[in-house]
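Hi,

Here is the model I promised to pass on to you. Have a look at it first, and then read on for my notes.

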Amino acid sequence: GAVVPENLIVVKIPGRSIKTPGFELNENSMRVTFIKPDLSYLNAVQIGDQLVEFNGECVTDMKSYEAALNSVNSKIEQYSIVFLRSGFDITLENESYKGKIKIHGRSEEHFLESKKSFAIKFSKSKLPENMREIALIILDEQDVTTIFSYFMVQKYLGFKVKAKIVRLRVNGIDQGLYLLEEKERQELLEKNQLSGVDILQPNAMWTTQTPTTHTHQFSHNISQVNFKNYSGQKNGQLLKYKKLYSSKDYETISKLIDIDKFARFEAIRMVHADLHSAKGDNLKLFYNNSTGIFSPFYRSEGIIGDLEKTYVSENTYLYDGIAAGIPIFEVLVQNNNFRNLRNKYLFEIIKDRNELVDYFEVSLDKFINAVDEDTSNLLSQRDYIYQAESKLKLFIKNLDVLKKYLDYGRVYTVLTSINPREYVLEIDADVNSFVKIKELNFFTAQDDNVLVNVRNLEKNTNFVVAQLNFFSLFFEKLLAPGFLQAYD
């Protein structure tokens, strides 16, 4: 019921307490005290030439706000966009660039609220950090997890993509924090020594009768393929793409893809528990015109799920559900050789656990310090901090689950006597990775002088005989499920 002086602006956000980020209202004196500088609140109430009291001092221009804001966010890169009649200027770290801008994204979160995601395509005449096209994505869609995922992509797939948290101003008005993500364009391919490589992916169509958003029954019809023919060559890329997606056997698919890159891709995808990156229009394939094979591009969009809770099989710990119903991958993960290669890279990731967790934690700390000062987003600061911290916990949990998955192993052996001189030894391995038999010995009676003859090893490429003599057989080799026949 107290009277508030007309020259003070009281900011009250619906659904929040009187004490809000940016201002504090003393209910006894009805005096507004400035807590943290934030232009998004000031812009929301359209200050204009109004007088606002900051700790007893009245100001009529924006310079004080700008100075305070810069001091808080001095460590965050600043992007500034100024719209002009002739186009617009983009300023980054005091450097000016020309380009085109549009709204980014198809989910309504990107554009329904006052804070929107943008896609910027720079003029070829001058590129910032040699980036041709970038996306500035609101934190409701992506966060620091994307930066971590691209660290893994560079480490295990050898492909570097720029991703970082930046602060954006439009026409001098602060828009808060955004995730900057470099888009997959020809310049990005060339920076990664992939000149002459094309990109193919399904067109993103959300107007079909299928209720799902990223895929439908005609997603991989080649009339729907978004084909970026950067090479300018005509090598039957679309026909090979069609053959790849229509094939249901491992032998055909393996001749069209880089098996090693796909195994690395699947290892990264498993530790993220990420179905999203391989479904429909989310999966981009690089086509190498020199080799005639496809390789995958990994883009997580900030997703880390719960592998054990979501994708564990009802019968085993194969986690085959993460590839269920996905063309190419559903066939690949059913092949022992492919899974063994994928598991090899999973093992490398687990060995690098400390390095990966440290990188995630350092990135998370920087993100928390930045977002704690930013109230421009749809949700409160603590929501974004909680989400990012939860993804780190899920990543660590997934590492633990996959270690258990790789460590599991049982071996079943049966020795059958065919006759007094002939035996069959069957070895069945219930494992998720190779089993190494360091030593295998065959013994006869002490006074016997017989030759131990082993057959059927030539048919099993998982065995190599290292030593053979009268009394024992030694060999060391990786053993997959199968059987060994030994004859005395």
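Some ground rules first. This is a predicted model, in which local features need pLDDT of at least 70 and side-chain atom pairs count only at pLDDT 80 or more, while totals for chains, interfaces and linings use all residues. Residues are numbered from 1 along each chain as its sequence is written, and side-chain values use heavy atoms, with hydrogens and water left out.

**Cores**

By a nonpolar core I mean a set of buried Ala, Val, Leu, Ile, Met, Phe, Trp, Tyr and Cys residues joined through side-chain atoms within 4.5 Å. Buried stands for under 20% relative accessible area, exposed for over 50%, and partly exposed for anything in between, with a 1.4 Å probe and protein chains only. The largest such core holds 81 residues, and those touching the most other members are L285, L307, I328, F329, F367 and F395. Its biggest contributor is helix α12 (residues 381-407), which supplies ten residues. Helices (H or I, at least four residues) and strands (E, at least two) are DSSP runs here, numbered from the N terminus.

**Rings**

Rings of Phe, Tyr and Trp (its six-membered ring) pair if their centres lie within 6.5 Å; planes under 30 degrees apart are stacked, over 60 edge-to-face, and the rest tilted. That rule gives 16 aromatic pairs. One of them is F148 with Y359, a tilted pair at 6.5 Å centre to centre and 35° between the planes. F148 belongs to helix α3 (residues 144-157) and Y359 to helix α11 (residues 353-371), so this pair ties together parts 211 residues apart in sequence. F148 is buried at 0% relative accessibility, whereas Y359 is partly exposed at 29%.

A second example is F265 with Y298: the ring centres are 5.4 Å apart and the planes stand at 70°, so this pair is edge-to-face. F265 sits in helix α7 (residues 259-272) and Y298 in the loop between β15 (293-297) and α8 (307-311), 33 residues apart. Both of these residues are buried. Ring pairs also link F148, F151, Y359, F360 and F395 into a cluster.

K115 lies over the face of Y178, 4.7 Å from the ring centre, and the charged end of K126 is over the ring of Y97, 5.0 Å from its centre.

**Helix α7**

This helix has 14 residues and spans 20 Å from first C-alpha to last, close to the 20 Å expected at 1.5 Å a residue (the expected span is 1.5 Å times one less than the number of residues). Ten of its 14 residues are buried, so α7 is largely enclosed by the rest of the structure. The buried ones include F262, F265, E266, R269 and H272. At the start of α7, a side-chain oxygen of D258 comes to within 3.2 Å of the backbone nitrogen of D260. Just after the helix, A273 has a positive phi of about 50°.

- D374, in the loop between α11 and α12, is buried at 1% relative accessible area. Its side chain makes polar contacts with those of S376 at 2.8 Å and N377 at 2.9 Å.
- T146, in helix α3, is buried at 2%. Its side chain has a polar contact of 2.6 Å with that of Q142.
- A119, in strand β8 (residues 118-122), is buried at 2%.

Happy viewing, and best wishes

Terms used. Lys NZ or Arg CZ within 6 Å of the ring centre and 35° of its normal. Polar contact = N/O pair within 3.5 Å; in protein donor to acceptor, adjacent residues only side chain to side chain.
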